[in-house]
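Here is a friendly walk through a few local features of the model shown below. Have the sequence and the structure side by side as you read.

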Amino acid sequence: MNSMALAELDAAGRTPQLPLILTLACGDLVIEQWLRVLPGKRYVARARFNNATRLVKLFVGARAEKKAREEATAIEKLTEAGILTPKLIDVGSESSNAAWLFVEFFEGCETLAVKAGLDVSSVSGRKEASGAATDAALALADLHNHELIHKDIHPGNILFYQQRCWLIDAADTAVSSDPLQLQANVGMFLAQLPRAWWPDVVQSYNTSAELAVDYDTVCAHAQRWQARRAADLAEKAVRDCSLFQVQQSMGEFCAIWRDQADWLQPLLNDLDGALASSVLLKDGASATVGLVEIAGRKVVIKRYNVKSFWHGLKRFWRPTRAWVSWQAGIRLRVLGVNTPKPLALKEERFGPFRKRGYLLVEASEGQDLLSLLTEESADEKSDLDENEALQTPALLSRVMPEIEQLLDIMRCHRISHGDFKATNLLWDETLCVIDLDSICWHSSDSSWQKAFSKDEARLLRNWKPDSQSYKYFKKVLQH
């Protein structure tokens with residue numbers, strides 16, 4: 001078993017080797033599992049100390065001692081207010097640059113993210129609000145009733161243990177009775193939940209809050225927070241961090257979700273070979289698309305080709321379409337748009353110059369709307385819904401609410417798709433948007449309106465003006 005001093009963690013990298021004994025001034029600490037690592041800053045772990053399991057936070061680097069003391073003070077403040085938070089066991093330091101904090105460890109607890117089936121990469125989900133989310137709203141209301149806010153309120157900072165809701169990361173709490181700050185705090189919480197849950201969550205909050213919030217106001221806050229989270233996650237997706245693993249050399253750039261790296265890495269090592277043996281979905285001059293199965297999972301590989309010397313020269317300095325699609329997919333999913341989860345990005349490079357790009361995404365089982373929304377007669381069969389007869393109006397009645405929601409998000413965040421045709425909209429009991437390499441977030445209403453009008457026109461061109469599908473889409477686009 002390895003042994004080191006706390007101050008040496010600073011040089012141990014992102015995954016200090018386990019099992020590990022840390023020698024502290026208060027005794028030996030046996031690290032059993034890393035829960036979160038911010039190299040050179042903070043390490044959160046499950047550990048054994050004095051024959052008891054504890055959740056430990058280890059602080060290194062500048063202001064380490066101050067950060068530990070601040071968190072200890074915040075925990076005591078929450079406890080005095082009657083807010084459920086894990087009990088403080090010990091806090092101490094060896095120097096201003098090395099400190100620790102121990103709290104209770106709840107065996108078998110679940111975060112709201114786990115209990116409600118939430119994913120940091122997406123806020124799409126079930127239509128009905130999770131009971132865990134509404135319970136968390138009650139806990140948030142209780143916090144606000146004590147004139148406190150949590151400045152980093154997210155599903156990972158809310159625990160469920162012994163059928164009760166607990167708040168963690170006390171250092172991010174602050175005193176506030178300002179109604180505007182309370183509303184913004186509720187909006188921050190909503191931003192990380194599926195939009196369909198918002199009414200029930202706000203209603204739950206208002207049943208317990210001493211100062212009820214206005215639904216439209218907190219939704220406006222939530223939309224702004226979502227936009228910030230989406231842009232932030234997209235930026236993180238192209239740099240090495242706790243969520244993403246990024247490797248860069250003179251000849252290539254590769255980004256991948258850190259928790260997907262083990263099973264995807266063999267595929268990334270030979271993408272051209274994988275495409276050659278894949279089920280080809282498209283083999284064109286501009287892009288080659290193939291479906292492969294690895295580790296029991298279906299993955300779509302899209303290679304953006306360089307068509308000619310002049311085409312390559314033109315795109316040398318620009319991010320590849322794979323790069324654009326990688327960030328766009330991540331950003332859209334955080335905004336609530338259902339699109340296949342981007343798994344990895346790879347670019348061939350020559351120093352700063354970019355050549356071919358590869359994008360790996362989860363495979364979608366959906367069928368495109370152009371092939372589904374045909375003018376079916378009553379005795380014609382559709383492949384949808386276990387081959388039972390399904391007429392176009394029946395399908396449209398299920399598709400249109402999700403089209404409306406997609407358009408609302410695009411209007412709210414000034415997004416244009418750039419190739420908004422029916423073959424890029426898939427349906428498999430829910431709507432899925434694909435082909436994101438021309439997507440754009442606009443900085444002005446005028447540029448967005450011009451591009452969005454082109455999207456609308458492109459979508460309508462899929463059907464004849466006298467068809468039922470055309471009339472349905474024309475109606476929803478006019479709202």
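## Two packed helices

Helix 12 (residues 392-412) and helix 13 (residues 445-460) have axes that come within 11 Å and cross at roughly 160°. Axes here are lines fitted to C-alpha atoms, for helices over the stretch in contact, and angles run from 0 to 180 degrees between N-to-C directions. Helix 12 is therefore roughly antiparallel to helix 13, a label used for angles over 145 degrees, with under 35 counted as roughly parallel, 65 to 115 as roughly perpendicular and the rest as oblique.

Which residues make the contact? Helix 12 supplies Leu 407, Met 410 and Arg 411, while helix 13 brings Trp 448, Phe 452, Asp 455 and Glu 456. Contact means heavy atoms within 4.5 Å. By class, the residues of this contact are 4 nonpolar, no polar and 3 charged; Ala, Val, Leu, Ile, Met, Phe, Trp, Tyr, Cys and Pro count as nonpolar, Asp, Glu, Lys and Arg as charged, and the others, Gly among them, as polar.

## How the model is read

This is a predicted model, in which local features need pLDDT of at least 70 and side-chain atom pairs count only at pLDDT 80 or more, while totals for chains, interfaces and linings use all residues. Residues are numbered from 1 along each chain as its sequence is written, and side-chain values use heavy atoms, leaving out hydrogens and water. Helices (H or I, at least four residues) and strands (E, at least two) are DSSP runs, numbered from the N terminus.

An open sheet of 3 strands runs in the order 8-10-11 with antiparallel pairing; two strands pair if DSSP finds at least two bridges between them. Strand 8 (110-111) and strand 11 are the edge strands, each pairing on one side only.

Strand 8 and strand 10 share 2 bridges, and Thr 111 has Leu 159 as its bridge partner in strand 10. Leu 159 is also bridged to Trp 166 of strand 11. Strand 10 (residues 158-161) and strand 11 (residues 164-167) pair over 4 bridges. Their hairpin has 2 residues between the strands, and Gln 162 takes a positive phi near 55° there.

## Asp 428 in its loop

Asp 428 lies in the loop between strand 22 (425-427) and strand 23 (431-433). Is Asp 428 buried, partly exposed or exposed? Its relative accessibility is 40%, so Asp 428 counts as partly exposed (buried is under 20% relative accessible area, exposed over 50%, partly exposed in between, with a 1.4 Å probe and protein chains only).

Beyond its neighbours within four places in sequence, Asp 428 is in contact with Glu 365 and Gly 366.
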